[in-house]
Amino acid sequence: MRILHTADWHIGQRLHERQRLDEHKEFLNWLLDTIQEHKVELLLVSGDIFDTSLPSAEATKLYYEFLFRLYDETEAYTVIIAGNHDSSRHLEAPKEFLKMGRIYVVGQATKPKDCVIQIPPEKPQVSVAAVPYLSENELKPVSFESEMEKNERYRERLKAFYTDCVSHMPDKLPKILMGHLYVNGGKVGDSERNIQIGGATAIHTNDFPEDVDYIALGHLHRPQNIKGQDYPILYAGSPIPLRFNESNYRKNVFLIELSDGKLDRCDKVKIPIFKELCSIEGNENEILSQAMTEDWDSKYIQVKLKLDSIRTGISDEIRAAFSDRGGDVLTVEVELPQDESRPIIQLEDMKRPEQIFKQFHQTKFGSPPDESLTQTFSELIQIVEGTQ
């Protein structure tokens, strides 16, 4: 049996207000071709189908058009779970209808046994525990509980939930667990919306049950293998780079093959680049020279410009220069000489509170904060976010 693992589509996502539905349409067309080419029998989508809980009509239309083509043009089954960006209710609303098209959607996890799906249902070859994103907010409040205690309770809930799922899976079938969460040891970028801070709410690899063949994860946008168990624990990553800092590595999906009831192989299938994201930096002359001498057709561009002093209109000149060569400059970040009298936080590091704190401490005191201070800061951030 051939299985394809993908995640984090984020349909409807915008990059500096640029709509990216064309890129997602190209990806979904490629995905359908790949399923047909490799004779895939089961597609796994590990959360964050949409970029927001209220996707646009265009994004929703693109999603359902793909599902219909998947049903109409292939014989594949599909299992989809909700991620932290999705509305679980919105995603699973048509689940009974989609079952008729061999598509199983799990948006809300009320009971572990309700997440377990046998594929194919008539003559099962594999058992899938489709566990969607489980929010910390679903935990019952406990009086006088610290943030660390709540984090540990959340971790124990995840551990128990997966253990219960496995107890409802037939012993003789290969077992695949799906999830949308952060596993300790995963490499995090800056485009993942926080469901953990400082690693406190991360589940550990040894929290997963032992009698499993494969864990298909979503949430982290870099494809990666988390070590710590005898079986693969893989993040498929997002199919397109959602930020410029994601453009320095290739995106892929994972093609899994089961043979004689066991995992036989797991291969990467590289996803084509549908829209190139480029990041360039230098002084005014260097940037303008690159703009005029290279091909920028249909590329999104991030410019990091070094100037000795502020110059009015330079951003417009740079945008026009790249536009003449077919490029689209989405952002121009100007770097001026640093004022040594006060700490400087770089613009590109202003998206995660932890990064700002660490850089401020390094600049102010000449060394990064110790683990205790970092943990205290993380707990304070969690308390603030919990009151919003």
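In which strand does His5 lie? His5 belongs to strand β1, residues 2-6, strands being DSSP runs of E with at least two residues and helices runs of H or I with at least four, numbered from the N terminus. The model is predicted, so local features need pLDDT of at least 70 and side-chain atom pairs count only at pLDDT 80 or more, while totals for chains, interfaces and linings use all residues. Residues are numbered from 1 along each chain as its sequence is written, and side-chain values use heavy atoms, with hydrogens and water left out.

View 1. His5 is buried, with a relative accessible area of 0% (buried means under 20%, exposed over 50%, partly exposed in between; 1.4 Å probe, protein chains only). The His5 side chain reaches the backbone oxygen of Leu217 at 3.1 Å. Beyond neighbours within four places in sequence, the contacts of His5 (heavy atoms within 4.5 Å) include Leu44, Tyr214, Leu234 and Phe254.

**View 2. The buried and exposed faces of helix α6, residues 284-293.** Ile287, Leu288 and Ala291 are buried, and because they cover an arc of only 95° around the axis, they lie on the same side of α6; the arc is that of the directions from the helix axis to the C-beta atoms. The cover over the buried residues of α6 includes β15 (277-283), β16 and α7, whereas the face turned away from the buried side carries the exposed residues Asn285 and Thr293.

**View 3. Ile310 in the loop between β16 (300-306) and α7 (314-323).** Ile310 counts as exposed because its relative accessibility is 71%.

Conventions
Polar contact = N/O pair within 3.5 Å; in protein donor to acceptor, adjacent residues only side chain to side chain.
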